[in-house]
Amino acid sequence: MLLPLALLTGIAAPQTALEREVIAEINFARTRPREYADQLRAYRTGFRGKVVRYPGNPSGLRTEEGRRAVDEAIAFLERQPPLPPVVFAPLLAHAAADHVADQGPRGATGHLSGDGADPRDRIQRRGGGAYVAEAITYGPPTAVEVVRQFIIDDAVPGRGHRRTLFAEEMRFAGAGCGPHKSYRVMCVVEFGRTTSGNY
């Protein structure tokens with residue numbers, strides 16, 4: 001398998017502002033969970049039933065669970081000890097961008113690529129390992145909204161995105177964000193125990 005020059009040389013592909021901001025916002029939540037909980041308290045005041053309005057989205061966002069999921073996230077964050085920040089990993093970012101490039105033009109969703117590849121397959125195609133986890137949003141256009149969606153995890157059984165973001169063993173991450181045919185924008189974050197997704 002031929003690997004891209006950027007991967008072989010360790011040089012990262014240029015990250016967009018949104019991709020950098022997503023990693024920074026993840027690190028804010030991981031390192032200062034109680035401060036993040038305070039932000040969610042302010043956010044929850046915008047709910048009227050299951051619709052929440054907030055700066056940047058005056059028309060409102062319809063949720064499935066309403067305040068209940070936000071309250072659960074706040075309680076989780078109050079118990080969550082601070083964690084080390086994730087470190088940017090170029091290989092993980094490349095794999096995240098691969099998924100955006102595959103799904104965005106087709107308007108597809110989910111963790112499987114058009115050819116059936118899952119997150120582990122995408123990392124391995126880049127020369128990495130299989131010990132990775134993936135979180136995806138469709139629609140949120142800012143880092144604050146992307147990470148808030150991961151943490152609240154409205155209508156996601158088991159709160160898998162939240163658990164991934166706060167998994168202590170996941171010390172590295174890379175984000176890929178780009179246009180999406182149906183939802184305008186999507187962001188993918190790949191998390192790994194190592195820079196390459198190896199154990």
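Buried here means under 20% relative accessible area, exposed means over 50%, and partly exposed is in between, with a 1.4 Å probe and protein chains only. Asp153 sits in the loop between helix 7 and helix 8 (160–165). Its phi is near 55 degrees, a positive value in a residue other than glycine.

Before going on, the ground rules. This is a predicted model, where local features need pLDDT of at least 70 and side-chain atom pairs count only at pLDDT 80 or more, while totals for chains, interfaces and linings use all residues. Residues are numbered from 1 along each chain as its sequence is written, and side-chain values use heavy atoms, with hydrogens and water left out.

Arg159 is in that loop too, between helix 7 and helix 8. Phi of Arg159 is near 50 degrees, again positive in a residue other than glycine. Arg159 is buried, with a relative accessible area of 10%.

Now the whole chain. There are eight helices and seven strands, taken as DSSP runs numbered from the N terminus, helices being H or I of at least four residues and strands E of at least two. The radius of gyration is 17 Å, close to the 16 Å that the globule rule gives for 199 residues, so the chain is as compact as a globular protein of that length. That radius is taken over C-alpha atoms, and the rule is 2.2 Å times the number of residues to the power 0.38. Along its principal axes the C-alpha trace spans about 55 × 35 × 30 Å. Buried residues make up 50% of the 199.

Next, the interior. In soluble globular proteins, nonpolar side chains tend to be buried together. The largest nonpolar core has 40 residues, and Val22, Leu40, Ile151 and Val189 have the most contacts inside it. Such a core is a set of buried Ala, Val, Leu, Ile, Met, Phe, Trp, Tyr and Cys residues joined through side-chain atoms within 4.5 Å. Elements giving two or more residues to this core include helix 2 (17–31), helix 7 (143–152), strand 6 (172–180) and strand 7 (184–192). Apart from it lies another core, of seven residues, among them Leu91, Leu92, Ala95 and Phe172.

What does Val189 touch, not counting residues up to four places away in sequence? Its contacts (heavy atoms within 4.5 Å) include Val22, Ile23, Ile26, Phe150 and Ala175. Gln15 is in the loop between helix 1 (5–9) and helix 2, and is buried at 18%.

A search of the whole structure finds one disulfide, meaning a pair of cysteine sulfur atoms within 2.5 Å. It joins Cys177 to Cys187, S to S 2.2 Å. Cys177 lies in strand 6 and Cys187 in strand 7, so the pair ties together parts that are 10 residues apart in sequence. The torsion about the S-S bond is about 115 degrees, so the disulfide is right-handed. Cys177 counts as buried at 14% relative accessibility, and Cys187 is buried at 1%.

Three strands form an open sheet in the order 1-2-3, with antiparallel pairing; strands pair if DSSP finds at least two bridges between them. Strand 1 (47–48) and strand 3 (57–62) stand at the edges with a single partner strand each, so one side of each is left without a neighbour in the sheet. Two bridges join strand 1 to strand 2, and Arg48 stands opposite Val51 in strand 2.
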